[in-house]
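Work through the exercises below with the sequence and the model open. Each task is followed by a solution in steps.

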Amino acid sequence: MSLFQNLPLPFLILSFITILCALYVVTSKNPIHSVLALILTFFSISAHYILLNAQFLAIVNLMVYAGAIMVLFLFVLMLLNLDKSSEPVKSNLWGISAAICAGLLLVIITASFQKAGLAVMKSSAVDIGLVKNLGRVLMTEYLVPFELTGILFISAMVGAVLLAKRDNKSEEITS
Amino acid sequence: MLGIFQNIEISHYIYLSCVLFCIGLFGVLFRRNAIILLMCIELMLNSVNLLMAAFTEYMGDQNANGQMFVFFIMVVAAAEAAVGLAILVMVYRNTKKTDVSFLDGLKD
């Protein structure tokens with residue numbers, strides 16, 4: 001296929017690992033294996049970020065996604081004591097229809113991108129993805145969204161604590 | 001970036017992101033376990049992030065606007081995961097299940 005010609009080997013291997021791990025996330029029966037495969041996926045996406053000249057983003061991706069969010073998922077999995085036996089059974093028909101839906105979307109998106117006729121690309125400066133540049137842009141152009149992000153985080157944190165807090169009164173009534 | 005990576009075009013990243021997004025979508029449609037659903041949503045968000053970073057690089061954007069958007073998407077994803085997992089823990093405490101097909105109380 002002409003699509004894969006002249007591609008450097010690191011990119012091909014990385015993409016292959018990414019897609020394989022993502023498929024394993026979806027198809028694995030054991031939720032713990034899914035989480036571990038998703039962590040691997042995030043690692044390979046971080047490697048893609050480094051190829052794409054976004055060095056700080058790669059580190060942040062590792063810390064926030066692979067470090068924080070996935071550990072949160074693992075904690076919840078182990079807290080709820082979920083394993084293979086608690087996996088709900090699903091019918092084959094459901095899987096086939098889901099695969100058809102996702103495949104159709106893939107065909108449509110790629111076809112529309114092929115028709116888009118993207119302009120000739122040029123590379124950006126090497127130091128664009130470093131902390132210096134990103135911090136300057138974040139603190140000048142994106143200052144208001146940045147502050148709003150803080151408010152969003154606070155409200156999400158309060159909401160999560162309120163939701164997950166064990167309600168003692170209702171517990172006594174039910175038990 | 002480096003000489004050996006000159007051959008990678010933006011279209012390759014577009015295809016990779018599309019495939020990742022569709023895998024995530026397939027997971028959301030296929031799986032019944034609520035935790036796996038949340039993970040598939042994270043996967044879809046990550047594919048979008050990858051495409052944002054790719055366009056930042058290939059469009060020669062000196063202000064890194066695409067990478068800024070990746071930051072904000074990450075923040076939203078973190079908040080979403082925290083709240084989603086809190087809801088999930090609450091649902092599990094009440095029903096002892098994480099199967100989303102049991103959560104059809106609004107249907108009747």
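Residues are numbered from 1 along each chain as its sequence is written, and chains are lettered from A and ligands numbered from 1 in the order in which they are written.

**Exercise 1. State the confidence of the prediction.**

Solution. Then take the complex, for which the predictor gives an ipTM of 0.89 and a pTM of 0.88.

**Exercise 2. Describe the fold and the extent of chain B.**

Solution. Begin with the elements (DSSP runs numbered from the N terminus: helices are H or I, at least four residues; strands are E, at least two). Chain B has 3 helices and 0 strands, in the order α-α-α from the N terminus. Next, compare the radius of gyration, taken over C-alpha atoms, with the globule rule, 2.2 Å times the number of residues to the power 0.38. Chain B has 18 Å, well over the 13 Å that the rule gives for 108 residues, so it is more spread out than a compact globule. Finally, its C-alpha trace spans about 55 × 25 × 25 Å along the principal axes.

**Exercise 3. Characterise the side of chain B that touches chain A.**

Solution. Count residues in contact (C-beta atoms, placed from the backbone, within 7 Å): 63 come from chain B and 73 from chain A. On the chain B side, α1 (10–30), α2 (34–58) and α3 (65–95) each supply at least two residues. The most come from α3(B), with 18 residues.

**Exercise 4. Locate the largest nonpolar core.**

Solution. Such a core is a set of buried Ala, Val, Leu, Ile, Met, Phe, Trp, Tyr and Cys residues joined through C-beta atoms within 7 Å; buried means that 20 or more other C-beta atoms lie within 10 Å of a residue's own, again placed from the backbone. The largest core has 68 residues, and L38(A), I35(B), M39(B) and A53(B) have the most contacts inside it. Its largest share, 16 residues, comes from α2(B). To finish, follow I35(B): leaving out residues up to four places away in sequence, I35(B) touches P31(A), F73(A), V76(A), L77(A), L88(B) and T98(B).

Conventions
Predicted model: local features only at pLDDT ≥ 70, side-chain atom pairs only at ≥ 80, totals over all residues. Contact = placed C-beta atoms within 7 Å. Buried ≥ 20, exposed ≤ 12 C-beta atoms within 10 Å, placed from the backbone.
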